[in-house]
Every structure is written in C-alpha cells, then in structure tokens.
Amino acid sequence: MISSTVTPGSSLSPTQRNTIEFISRFQGRDIVIAIDTTQSVQINDEGILRLKQIVRDQLKSGDSIYVVPFSSELEIPLTPIEVKDQDQISQVIDTLPLTGDPNAANTDIQKAELKIYKHLAQLNQDRLVAKLPVKSQAVIWLTDAPLRNKTGNEWIETPSDSPFRNPNSLESIERAKWLEVIPLEPRSVSINNYKYTVVDIPATVQEFCTPAPSGQESCLVDSYLFSQLGLPSAIGVTTIVIVFALIGWRFWHTGGKLKLEIKTPDLDEPQGFELKNNQRIAIGEFNQSYAGSIDCPGAEIRGYLQRQGRNIYVVPSGIELSTSTSIYYGENTITSKHKISGRRISLNCPDHKDKEFLVEIVIDK
C-alpha cells in the first residue's frame, strides 16, 4: 500500500482535523513499542510489569503492534502483529526484548524518533491516498535517552558520526519538521534510570494543496473526507429522514386527538367529542365502555362511531334490524362497517314511527 514517500505537509483546519479524528474512532490503532536495548537501560520488574499490563489491558481488537528494539540503529517490522484475540496479545508479550543486548551501544534517540514518527505518518498517508480510514497512533518508549532534544549533542550516547549531532544536517532538519507537524501528546513515568513514556498521536494526515487552472486549487484532504463521509452521510441522512417521516406519519396517523361535532334535533347546542385512536362513541344509549354517546330514539345502541387512524367509521351494532334500530345513510341502511368520506355526513336514526332523527357529523382532522 506504500505510495510516494511522505513529507511534512501544511496544517489542517480545525474541521478537517476533527473529521479525521472522527473517522479514526471506528478503527484500530497503530502502536509502536520502542525499547532501548543498550546496557544503560536495565528493564527491571516494574518496567516488565508495566509493559505486560499495557499489553494485556489496553490492546484492542484491530490494533496493529510494531515491536521495535533500538540503539544506534533500528528496523521497524514490515508486518505488524494484528490484534484479534488473546493469542496475538501473547505473541506481543513474547516478542518484547525485556533483556538488554550486550552488543548494543550508543542510543541514537533522534534517529529513532525520526524513523518511528515518519513511519507512522507514512501509514496514515498511504491510507489517505488509498481512501481508507486513517487510524490514531501511539509510541510507547522505554529509554533513558531524553525525547525531543534540539540536537544530538544534548545526549551523551549519540554516536559521534550521527548526522543528528549537526542541527543543520538534512536529517536533523527533517526530524524537526516532523516534530512540529505531528500532534504529539506525551505522558511519562520514571522507573529507576529510565522512563516509560507514552506518546499519543491523534489521527492526522499531511495536506498538500496545488494550484490548478481557472483559479482553482487541488487538495488531498477534502476529497478524502468526502469519500469517507459523502456516501455514508448521504445514506445516514436519508435513513434519518425516512425514520422521522415514518415516526411523523405514525404520530399523525394514530397520535393526537380527532375532533367531532355532532348536531341532533333534540339539542340546542352541538356536542363536541375528541377521540383518540380506536375510541368509540355509541349511537343510542350511553354505555361506559364507550368514550361518549349520541342520544337518539330507542333504548338500544344502534351502533357506534369509531376512530381508526385519521378516519371515522360507522359500525352497526348487529342487532336484528328494524326501523327503530337502523342507521340510514341517504336511502341506504348501514349493515356493515362504513367509512365516512369527507368532513361532513348526515345519518338518520328514525324512531318506531319512522320519524326522522338526523345526526349531523362534522369531522375536524
């Protein structure tokens, strides 16, 4: 997946930085465990305990682990240990160089910093170019050498022929640039004659913008962010809109109250009812199982009005039909469940003498 060699880029905007960190939350991490193997560092029981503790308790599925012994030279493994289960965690512990190397001498800490930080920057830059999710990163240092020195001359073990003894060497200048552009967040614990330091690196990439024709500018990061968030965001927004539309439709359809105004010949003022979904109003005698009643001739319940969703239905009671127990809509007797169409309807509930009793219903949805 290696692309062109990464170099320090320009600063990211706060929006770009926050979005990249958001993308990284759903990924594993790149973690380098860098252990100074010179004889000046003797990893005691406390150091071993802390290393094993961090490996057992903090490594998560999806993390990529690079174990890097170093002194005057170092090699970063091309293939990391990918943490998936307890077997990989045991593999990491078995790979740790917990005893010093008698042949190792002269820790070139600045060379180690440049190689490790540049390697991590390369990993995320390759992901950027390949339009893969970037990762947050960390380096765990066990060394007696001070980190982030200005020049190699500040550390006694820096090899005499190291280019980092010269602050103006290409290597020193390159290291200084990387220390400036990579967001390093160190935390240290002193153990005997050395330090255990964790340097967290929030997910970041190097931005390069190039002038383009017609006053335009071509940049790496914005197009990358669109590829990572454009389609998922569109799908997410569409899903949210559909969900809320369904919720809204369901609430509108079944929620709230639906108002009815009932006018009958025996009342001077119309009756008002507010029905919740599936509530019923009796047509005839009052009954406590109904939300209300419309008084009409006779001692029976001829039927009822029922709300279902945003609709009102007239439902006959099912008793043996006669003039005094029937409900008429126009010239027709209602013999089965009947949906009221429109906002206004007139029903006729005649008495036993076939005298009309008109029930005017107005629906306010």
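Trainee: Which residues form the negative surface patch?
Mentor: This is a predicted model: local features need pLDDT of at least 70, side-chain atom pairs need 80 or more, and totals for chains, interfaces and linings use all residues. Residues are numbered from 1 along each chain as its sequence is written, and side-chain values use heavy atoms, leaving out hydrogens and water. The negative patch is formed by Asp 266, Glu 285, Asp 295 and Glu 300.

Trainee: What is the relative accessibility of Glu 300?
Mentor: Glu 300 sits in the loop between β12 (292-294) and β13 (301-308); strands are DSSP runs (E, at least two residues) and helices are too (H or I, at least four). Buried means under 20% relative accessible area, exposed over 50%, and partly exposed in between. Glu 300 counts as partly exposed because its relative accessibility is 35%.

Trainee: How many aromatic pairs are there?
Mentor: Rings of Phe, Tyr and Trp (its six-membered ring) pair if their centres lie within 6.5 Å; planes under 30 degrees apart are stacked, over 60 edge-to-face, the rest tilted. By this rule, the count of aromatic pairs is four.

Trainee: What is the angle between the planes of Tyr 117 and Trp 141?
Mentor: Tyr 117 and Trp 141 form an edge-to-face pair. Their centres are 6.1 Å apart, and the angle between the planes is 70°.

Trainee: How many residues apart in sequence are the parts that Tyr 117 and Trp 141 tie together?
Mentor: Tyr 117 and Trp 141 are both buried. Tyr 117 lies in helix α4 (residues 109-130) and Trp 141 in strand β4 (residues 136-143), so the pair ties together parts whose separation in sequence is 24 residues.

Trainee: Where does Tyr 304 lie?
Mentor: Tyr 290 is buried, at a relative accessible area of 14%. Tyr 304 also counts as buried, at 16% relative accessibility. The pair ties together parts 14 residues apart in sequence because Tyr 290 lies in the loop between β11 (280-284) and β12, and Tyr 304 in strand β13.

Trainee: How far apart in space are Ala 176 and Thr 151?
Mentor: Ala 176 is found in helix α5 (residues 170-181) and is partly exposed at 40% relative accessibility. Ala 176 and Thr 151 are 25 residues apart in sequence, and their C-alpha to C-alpha distance is 9.5 Å.

Trainee: What separates the C-alpha atoms of Thr 335 and Pro 297?
Mentor: Thr 335 is in the loop between β16 (332-333) and β17 (338-339). Thr 335 is exposed, with a relative accessible area of 57%. Thr 335 and Pro 297 lie 38 residues apart along the chain, and their C-alpha atoms are separated by 19 Å.

Trainee: What is the phi of Asn 106?
Mentor: Asn 106 lies in the loop between α3 (86-95) and α4 and is partly exposed, at 41% relative accessibility. Asn 106 is not a glycine, yet its phi is positive, at about 60°.

Trainee: Which loop holds Asn 278?
Mentor: Asn 278 has a positive phi near 75°, though it is a residue other than glycine. At 45% relative accessibility, Asn 278 counts as partly exposed. Asn 278 lies in the loop between β10 (271-275) and β11.

Notes. Patch = residues over 30% accessible without salt bridge, like charges linked within 9 Å, V, L, I, M, F, W, Y side chains within 5 Å. Areas by Shrake-Rupley, 256 points an atom, 1.4 Å probe, with all protein chains shown as cover. Salt bridge = Lys/Arg side-chain N within 4 Å of Asp/Glu carboxyl O. Lys, Arg positive; Asp, Glu negative; His and termini not counted. Charge placed at Lys NZ, Arg CZ, Asp CG, Glu CD. Buried < 20%, exposed > 50% of the residue type's maximum accessible area, 1.4 Å probe, protein only.
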